Amino acid sequence: ENCAICLEDTDVSKIHAVEGRAHRFCFSCMKEHVKVKLLHGMLPACPQDGCTKQLTVEGSKVFLSPRLLGIMVQRIREAQIPPTQKIYCPYPKCSALMSLSEVIQPMQESCSKYTVADSATLRKCVKCRGSFCISCRVPWHDRMTCQDYKMMHPHAHSGDAKLENLAERRLWRKCVKCQHMIELAEGCYHMTCVVRL
């Protein structure tokens with residue numbers, strides 16, 4: 001059978017039919033297509049021009065490596081959490097993605113280490129169980145208010161200073177609503193905040 005992407009004749013056993021569609025491509029082209037999409041942070045769809053059918057993990061098992069399948073599962077999970085609900089563990093060795101509703105409130109656990117005042121911002125990662133401040137998005141700053149912490153550590157994350165410097169050189173700006181970094185690549189100066197989507 002002829003692959004619609006590389007136009008090579010391929011054994012029928014090495015051709016993938018996109019679920020629910022008559023679009024058929026060789027395993028090699030499908031793997032490369034999905035790999036590129038995943039590594040660019042996108043969910044892969046059918047490579048047929050104009051087709052928006054999302055590929056599934058189950059359907060992709062025949063041509064993807066376990067590593068790429070893991071990334072695909074992660075991308076699908078990321079897409080299911082609304083932008084306003086996403087939170088990442090601030091510990092670099094973990095960086096687990098959670099939704100705000102998933103994070104653990106230590107006050108619910110039997111723990112005398114924390115005060116009642118801590119309950120407003122103290123949370124624990126669902127994966128590594130590390131304590132962090134939900135307001136500052138940094139590891140827990142014990143006996144210090146968020147404002148005091150920010151004054152003492154204006155660049156709390158190691159890459160923050162570098163990012164701010166790069167943003168200044170490239171004329172990037174922060175969205176006034178969500179504080180995400182944005183760049184005008186083309187078009188007008190109007191910007192729609194991802195939080196509103």
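Is Lys61 buried, exposed or partly exposed? Lys61 has a relative accessible area of 45%, so it falls in the partly exposed class. The points below take up that residue and others in what is a predicted model.

1. Overall make-up. The protein contains 5 helices and 9 strands. Read from the N terminus, the order of elements is β-β-α-α-α-β-β-β-β-β-α-α-β-β. The chain has 197 residues, of which 32% count as buried.

2. Surface and contacts. The accessible surface of the protein is about 13200 Å², and carbon and sulfur atoms make up 53% of it. Among contacts with a separation of 6 or more, 28% come from residues 24 or more positions apart.

3. Salt bridges in general. The count of salt bridges is 4. Three of them are worth a comment here, including the pairs Glu1 with Arg24, Glu58 with Lys61 and Glu78 with Arg75.

4. Glu1 and Arg24. In this salt bridge the closest N and O atoms are 2.5 Å apart. Glu1 sits in the segment before β1 (15-17), whereas Arg24 belongs to strand β2 (residues 24-26); the pair therefore ties together parts that are 23 residues apart in sequence. Glu1 is partly exposed because its relative accessibility is 35%. Arg24 is also placed in the partly exposed class, because its relative accessible area is 30%.

5. Glu58 and Lys61. The side chains of these two residues form a salt bridge with an N to O distance of 3.3 Å. Glu58 has a relative accessible area of 57%, and the cut-off for exposed is over 50%, so Glu58 counts as exposed. For Lys61 the value is 45%, which means partly exposed.

6. Glu78 and Arg75. Here the salt bridge has an N to O distance of 3.6 Å. The two residues are 3 apart in helix α3, so about one helical turn separates them. Glu78 and Arg75 are both buried.

7. Ser60. This residue lies in helix α2 (residues 57-60). A polar atom of the Ser60 side chain lies 2.7 Å from the backbone oxygen of Thr56. With neighbours within four places in sequence set aside, Ser60 is in contact with Leu55, Leu69 and Met72.

8. The aromatic pair. How many aromatic pairs does a search of the whole structure find? The search finds 1. The pair is formed by Phe27 and Phe63, with 6.3 Å centre to centre and 40° between the planes, and is classed as tilted. Phe27 is in helix α1 (residues 27-39) and Phe63 is in the loop between α2 and α3 (66-80), so the pair ties together parts that are 36 residues apart in sequence. Phe63 counts as buried because its relative accessibility is 6%.

9. Points to check on the structure. For helix α3, look at the pair Glu78 and Arg75, 3 residues apart. For links between parts of the chain, look at Phe27 with Phe63, 36 residues apart in sequence, and at Glu1 with Arg24, 23 residues apart in sequence.

How values were computed. Residues numbered from 1 in each chain as written. Predicted model: local features only at pLDDT ≥ 70, side-chain atom pairs only at ≥ 80, totals over all residues. Heavy atoms only, no water. Helix = DSSP H or I, 4+ residues; strand = E, 2+ residues; numbered from the N terminus. Polar contact = N/O pair within 3.5 Å; in protein donor to acceptor, adjacent residues only side chain to side chain. Contact = heavy atoms within 4.5 Å. Buried < 20%, exposed > 50% of the residue type's maximum accessible area, 1.4 Å probe, protein only. Areas by Shrake-Rupley, 256 points an atom, 1.4 Å probe, with all protein chains shown as cover. Phe/Tyr/Trp six-rings, centres within 6.5 Å; stacked < 30°, edge-to-face > 60°.
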